[in-house]
Amino acid sequence: NLSFYLKEIGEIKFLDDCDDVALAEWRRRFPEAEVHVFPRGGHYILEDEGETVVALIRDFLERHPLMT
C-alpha cells in the first residue's frame, strides 16, 4: 500500500486489492477519512485512473496546504 502522511493535517491512503470487508473496516476505524473507490482500478491505480486520482490529491492538498 502507498501512503502519504501529511503532518498535523491527515493522511491519504491508497488501498489496493481492497474487498468490501476491508473497506468497511477502514471506514469504521477512520470515520472522518475521505474514501474514494475505483471499481475498475487495479494495482496500478495511477495508470488506470490517473487523471481522477491526481485531481483528488490536488484537491486534498488545496484544502489542507502543507505548512512551510
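A contact is a pair of residues with heavy atoms within 4.5 Å of each other. In this predicted model, residues 24 or more positions apart account for 29% of the contacts in the protein with a separation of 6 or more. The protein holds three helices and two strands, arranged along the sequence in the pattern β-β-α-α-α. Its mean pLDDT is 74, and 72% of its residues reach 70 or more.

**Confidence**

- Confidence is highest in helix α3 (residues 50-63), with a mean of 90, and lowest in strand β1 (residues 2-6), with a mean of 41.
- Over residues 1-9 the pLDDT stays under 50, and for this segment the model has 21 contacts beyond four places in sequence.
- Where pLDDT is low, the predicted coordinates should not be read in detail.

**Surface and burial**

- Of the 68 residues in the protein, 15% are buried.
- The protein exposes about 5800 Å², of which carbon and sulfur atoms supply 53%.

**Helix α3**

- The 14 residues of α3 should span 20 Å at 1.5 Å a residue, and this agrees with the 20 Å between its end C-alpha atoms.
- Gly50, Val53 and Phe60 are the buried residues reported for α3; because they cover an arc of only 100° around the axis, they lie on the same side of the helix.
- Glu51, Arg58 and Glu62 are exposed on the other side of α3.

**Phe38 and its surroundings**

- Phe38 belongs to the loop between α1 (20-29) and α2 (45-48).
- Apart from neighbours within four places in sequence, Phe38 is in contact with Ile45, Glu49, Thr52, Val53 and Leu56; of these, Val53 is one of the buried residues of α3.
- The C-alpha atoms of Phe38 and Glu49 are 7.7 Å apart in space, while the two residues are eleven apart in sequence.

- Arg28 and Glu25 pair through their side chains at 2.7 Å, N to O; they are three residues apart in helix α1, which means a separation of about one helical turn.
- Glu25 also forms a salt bridge with Arg29, with the closest N and O atoms 2.6 Å apart; these residues are four apart in helix α1, so about one helical turn lies between them.
- Glu25 has a relative accessibility of 28% and therefore counts as partly exposed, the class between 20% and 50%.
- Arg28 is exposed, with a relative accessible area of 56%, and Arg29 is exposed as well, with a relative accessible area of 55%.

**A salt bridge between distant parts of the chain**

- Arg63 and Glu34 form a salt bridge in which the closest N and O atoms are 2.6 Å apart.
- This pair links distant parts of the chain, with Arg63 in helix α3 and Glu34 in the loop between α1 and α2, 29 residues apart.
- Arg63 is partly exposed, with a relative accessible area of 40%, and Glu34 is likewise partly exposed, with a relative accessible area of 39%.

Definitions and conventions: Residues are numbered from 1 along each chain as its sequence is written. This is a predicted model: local features need pLDDT of at least 70, side-chain atom pairs count only at pLDDT 80 or more; totals for chains, interfaces and linings use all residues. Side-chain values use heavy atoms; hydrogens and water are left out. pLDDT is the predictor's confidence in each residue, from 0 to 100. Buried means under 20% relative accessible area, exposed over 50%, partly exposed in between (1.4 Å probe, protein chains only). Accessible areas come from the Shrake-Rupley method with a 1.4 Å probe; for residues, only the protein chains shown count as cover. The expected span of a helix is 1.5 Å times one less than its number of residues. The arc is that of the directions from the helix axis to the C-beta atoms. A salt bridge is a side-chain nitrogen of Lys or Arg within 4 Å of a carboxyl oxygen of Asp or Glu.
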